[in-house]
Protein chains: 2
Amino acid sequence: MGTALLTDKYEFTMLQAALRDGTADRKCVFELFTRRLPAGRRYGVVAGTGRFLEELTSYRFEEEDLEYLRAEGVLDERTLDYLADYRFTGDIRGYAEGEIYFPHSPLMVVESTFAQGVLLETLALSILNYDSAVASAASRMTTAAGSRPCLDMGARRAHEQAAVSAARAAVIAGFAGTSNYEAARRHGLKAIGTAAHAWTLLHDSEEEAFRSQVDSLGVSTTLLVDTYDVTQGVETAIKVAGPELGAVRLDSGDLGVQAAEVRKQLDSLGATNTKITVTSDLDEHAIAALASAPVDSYGVGTRLVTGSGEPTSSMVYKLVLRENTQGVMEPVQKASTAKASVGGTKSAVRELNSHGRAASEMVLVGSDAARETFVGSAQSVRPLHVPLVTAGVVHEEWLGGEGLSRAITRHRTSRDELPRNALRLSVGDPAIPTVTRSLD
Amino acid sequence: MGTALLTDKYEFTMLQAALRDGTADRKCVFELFTRRLPAGRRYGVVAGTGRFLEELTSYRFEEEDLEYLRAEGVLDERTLDYLADYRFTGDIRGYAEGEIYFPHSPLMVVESTFAQGVLLETLALSILNYDSAVASAASRMTTAAGSRPCLDMGARRAHEQAAVSAARAAVIAGFAGTSNYEAARRHGLKAIGTAAHAWTLLHDSEEEAFRSQVDSLGVSTTLLVDTYDVTQGVETAIKVAGPELGAVRLDSGDLGVQAAEVRKQLDSLGATNTKITVTSDLDEHAIAALASAPVDSYGVGTRLVTGSGEPTSSMVYKLVLRENTQGVMEPVQKASTAKASVGGTKSAVRELNSHGRAASEMVLVGSDAARETFVGSAQSVRPLHVPLVTAGVVHEEWLGGEGLSRAITRHRTSRDELPRNALRLSVGDPAIPTVTRSLD
């Protein structure tokens, strides 16, 4: 089955009414943004862009989709005919995947007819809201971990398909691999993992379990040493594998204290190169607390795939500009106070200070020409919008392995550019202010 | 692509080592359970069972899966051959979908060889952890809503595929429909939704937008009246649609105050049957706070699909019993304090008091024979385990539309059986105690 129905029904009922009243072909600009970061977060990380663009290339209504809609009895034949021929032929520009964002950053700007743009709302939001939530949490974890690798082990604590996307989002924010084979396959990630407690429990003794694992996977494997008694487990591990053992894993208890004891024990057994990986209920704060412990890598599960307390990103997709009956483009905006938005087409630049550090997020409202003039004349601003889709054609560099690789680099570069304060894990305001500037 | 790789790599490396050392065919019992409810929750709701069983019927390794694994270079040919022929031929019993659960409820018991059972860990957990989190939150929302319908509008705030499962889980816990077309199609749910703010903004006036919508969808439609001024919006809505208008929707502001004003206005315009639906940032607490407001239905988004603060269920999948070298079944358990588990094969009954209300969750540890004797002799206990899979064959009544329908009924019946206190939304302990009873 295709993905074209991963969409809210109201997008289709609006399409139908617009086809009837002649507004379907009005030129429109939709903007994807968020009004706020999760409480206390200092920055967010854009992720999902590549996945969205991938979906867009195959966003088609197949016969089985149309049959379902026909059978439901709500949409008329004209609407179904429109859907049968649907192809997105508009333009999309926005933040590169992996980029840092702030409140009101115009993350994606969709320029198309109303009919073409309205159908993409839910799919774009679902993908960006979830993937960005994971990447935003992951970025804090890799910051806390410093040079020690973080590994995704969260598949079991997320929807089975969300888990695959979570692994990708985590890698964008600096994670080194994933336990999930499908994620590794689909996104070209490094798959990791060796054995669970069940492995030790399956055998009549821990020693038998370790011996069998080493026979099968070699001495470079990671042995899980906390099924019974950690000290005994480490002793058995080195007895079986020798001092060349790759790593031991700790999955319970006071990880800092245990890691120190295990390190000492490993060293005393001559296993000075045997690494220690820890995997129990970690989040960015737990990782930070282990900074001085002799830990070599972190396996993160639940808190990664659930965005460390913020499992979604409150991004919205709003109509901000549209053609009126005279064919003139007009900014539009909702007027109710709580959810007010700023009409008009937008782009953004990151203003840099004299040290090359981010100083503000400048949201520029105005025509393409005015924006180009401004960017050309401004000192020390980095434009944030890149072309993602032109006349319906997706720019391929954002897709697949190249897209992922660019996103990883983009994230690292943009995070390095932030003021140092931005990387603190404590509750705080957005690291830089968002300034809206009207150019026309 | 199949779903067989939605699995953690370590399940495969354990399989390989087990095939080498002869333990792969040891008879094993794996148990899926949780040690705790989310903080302050009084009960949980099992969901995802039907989806898991559906996946199990097609859990096969296709040539492309095997090629990926071969190319990765970790698994040997013997393991790949085993995977090529993989069929689950064991037994699974567990809680019926929709059932209430508590800490240590043995939600699913998998009896098979080690090799067969170990591969299912991640898929079972991913599905049950997410779906149960959504159903557990949804059950509190439908409790708070009483007889007023709750509708899922959360697709945009969840991973695009998780959203489809969330809608299903919500319906199990009493939701009446979903905005997501794919969820409606795949699970046979009612699809709902009419128009967004973009619809009004697209037109030169609110009146034009309303008129076009009514022309297309009829007067029974729902008009969104808060794009500009609610009082004006309601007046225009009735002017355009007449007093037979189906409903108005409020999506911002103080919903309680606004609903009261709008109800008064609608009544004064003769639109006494026009309903009011509200959809802004709702959760179970917000719904409860609107109990006395003249609201007819609730559209719930973010907080539904993210489990209302608890986006996963901390369920685990543990080996609890296995054959030893003598062919005798032995209970096994991890010995570390923090994550201790109880070995042995388990089932469960809900003990009822003289009023037919749930009094305790009795987890029974022991042989099938001992369990049957106990249940046969006990007064007022309701057995909680049902057969889900027998000798590899999935019991079809848990699948598809019938499965969903049974789950809805099961949930309603089991929730009605709880002590009244269980339905309070405030922070509390599990509604009934879990008692573990050894029968052998």
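In this predicted model, 98 residues of chain B are in contact with 97 residues of chain A, contact meaning heavy atoms within 4.5 Å. The two chains bury about 8100 Å² between them, 56% of it on carbon and sulfur atoms; buried area is the accessible area (1.4 Å probe) that two parts lose on being put together, summed over both. On the side of chain B, the residues that lose the most area to chain A are R156(B), Y181(B) and R185(B), together 12% of what that side buries. Between chain B and chain A there are 16 salt bridges, each a side-chain nitrogen of Lys or Arg within 4 Å of a carboxyl oxygen of Asp or Glu. R156(A) forms a salt bridge with E121(B), with the closest N and O atoms 2.7 Å apart.

The largest nonpolar core has 134 residues, of which F61(A), L83(A), F114(A) and Y298(B) touch the most other members. Such a core is a set of buried Ala, Val, Leu, Ile, Met, Phe, Trp, Tyr and Cys residues joined through side-chain atoms within 4.5 Å, where buried means under 20% relative accessible area (1.4 Å probe, protein chains only). Helix α7 (residues 160–172) of chain B gives the most to this core, with nine residues. A second, separate core of 133 residues includes A163(A), V164(A), L189(A) and L125(B).

In chain A, 13 of the 13 residues of helix α7 (residues 160–172) are buried, so this helix is largely enclosed by the rest of the structure. Helices (H or I, at least four residues) and strands (E, at least two) are DSSP runs, numbered from the N terminus. After α7(A) comes G174(A), with a positive phi near 105 degrees.

Strand β3 (residues 91–95) of chain A is mostly covered, with four of its five residues buried. β3(A) pairs in the antiparallel sense over four bridges with strand β5 (residues 108–113) of chain A, pairing requiring at least two DSSP bridges. D91(A) has E111(A) as its bridge partner in β5(A). β3(A) also pairs with strand β17 (residues 385–390) of chain A, antiparallel over four bridges, and there the bridge partner of I92(A) is V389(A).

Residues are numbered from 1 along each chain as its sequence is written, and chains are lettered from A and ligands numbered from 1 in the order in which they are written. Local features need pLDDT of at least 70 and side-chain atom pairs count only at pLDDT 80 or more, while totals for chains, interfaces and linings use all residues; side-chain values use heavy atoms, with hydrogens and water left out.

Technical notes:
Buried means under 20% relative accessible area, exposed over 50%, partly exposed in between (1.4 Å probe, protein chains only).
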